[in-house]
Amino acid sequence: QDTPTTTYLKPLHSTPQAMSAPPARKPLEELTEDEFLDDLIIFLQARGLFKFAPKGCDPATFPQRTVNGSKLDLFGLYRQVVLRGG
């Protein structure tokens, strides 16, 4: 009889910064779209995902994505997920 084994995912990076707890976030009611985009840019760049957040970009120059011809509102999506407990 086979016994199940537990596998654990490796962290993306083994640096102390990547292993530390995420910074505290402002309450959703106080968070602005620019602050959200700043955090998102830092998150993406820290993981080397420069395709999504090129070096030197800021909220004003953050690449816009479209879905079915409409602008993808990442901040609106984030707010709706948080409001629903995600």
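**Exercise 1. Find where V67 sits in this predicted model, and decide whether V67 is buried, exposed or partly exposed.**

Step 1: V67 has a relative accessible area of 45%.

Step 2: Buried would need under 20%, and exposed over 50%. V67 therefore counts as partly exposed, at 45%.

Step 3: Now place the residue in the fold. V67 belongs to strand 1, which covers residues 66–67.

Step 4: Together with L72, L77 and V81, V67 makes a nonpolar surface patch of about 300 Å².

**Exercise 2. Move on to N68 and work out what its phi value is, and where the residue lies.**

Step 1: Phi of N68 is near 55°. That's a positive value in a residue other than glycine.

Step 2: N68 is found in the loop between strand 1 and strand 2, the latter being 70–71.

Step 3: Check the cover. N68 has 80% relative accessibility, so N68 counts as exposed.

**Exercise 3. Sketch the overall layout: how many helices and strands are there, and in what pattern do they follow one another?**

Step 1: Count the elements. The protein has three helices and two strands.

Step 2: Walk along the sequence, and the pattern reads α-α-β-β-α.

Step 3: The protein has 86 residues, and 15% of them count as buried. Its accessible surface comes to about 7400 Å², with 57% of that belonging to carbon and sulfur atoms.

**Exercise 4. Describe how the rings of F36 and F75 are arranged, and why the pair counts as tilted.**

Step 1: The structure holds two aromatic pairs. In the pair formed by F36 and F75, the ring centres are 5.5 Å apart and the planes are at 45°.

Step 2: Planes under 30 degrees apart would be stacked, and over 60 edge-to-face. At 45°, the F36 and F75 pair is therefore tilted.

Step 3: F36 is in helix 2 and F75 in helix 3 (residues 74–83), so the pair ties together parts that are 39 residues apart in sequence.

Step 4: Check burial. F36 has a relative accessible area of 10% and is buried; F75 is buried too, at 8%.

Step 5: Ring pairs link F36, F75 and Y78 into a cluster.

**Exercise 5. Name the partners in the salt bridge and say how exposed each one is.**

Step 1: The count comes to one salt bridge. Its partners are the side chains of K26 and E35, at 2.7 Å from N to O.

Step 2: K26 is partly exposed, at 42% relative accessibility. E35 is partly exposed as well, at 24%.

**Exercise 6. Find out what separates the C-alpha atoms of D38 and D58.**

Step 1: D38 is in helix 2, and it is partly exposed at 36% relative accessible area.

Step 2: D38 and D58 are 20 residues apart along the chain, while their C-alpha atoms are separated by 6.8 Å.

Technical notes
Residues are numbered from 1 along each chain as its sequence is written. This is a predicted model: local features need pLDDT of at least 70, side-chain atom pairs count only at pLDDT 80 or more; totals for chains, interfaces and linings use all residues. Side-chain values use heavy atoms; hydrogens and water are left out. Helices (H or I, at least four residues) and strands (E, at least two) are DSSP runs, numbered from the N terminus. Buried means under 20% relative accessible area, exposed over 50%, partly exposed in between (1.4 Å probe, protein chains only). Patches are made of residues with over 30% relative accessible area and no salt bridge: like charges are joined within 9 Å, nonpolar side chains (Val, Leu, Ile, Met, Phe, Trp, Tyr) within 5 Å. Accessible areas come from the Shrake-Rupley method with a 1.4 Å probe; for residues, only the protein chains shown count as cover. A salt bridge is a side-chain nitrogen of Lys or Arg within 4 Å of a carboxyl oxygen of Asp or Glu. Rings of Phe, Tyr and Trp (its six-membered ring) pair if their centres lie within 6.5 Å; planes under 30 degrees apart count as stacked, over 60 as edge-to-face and the rest as tilted.
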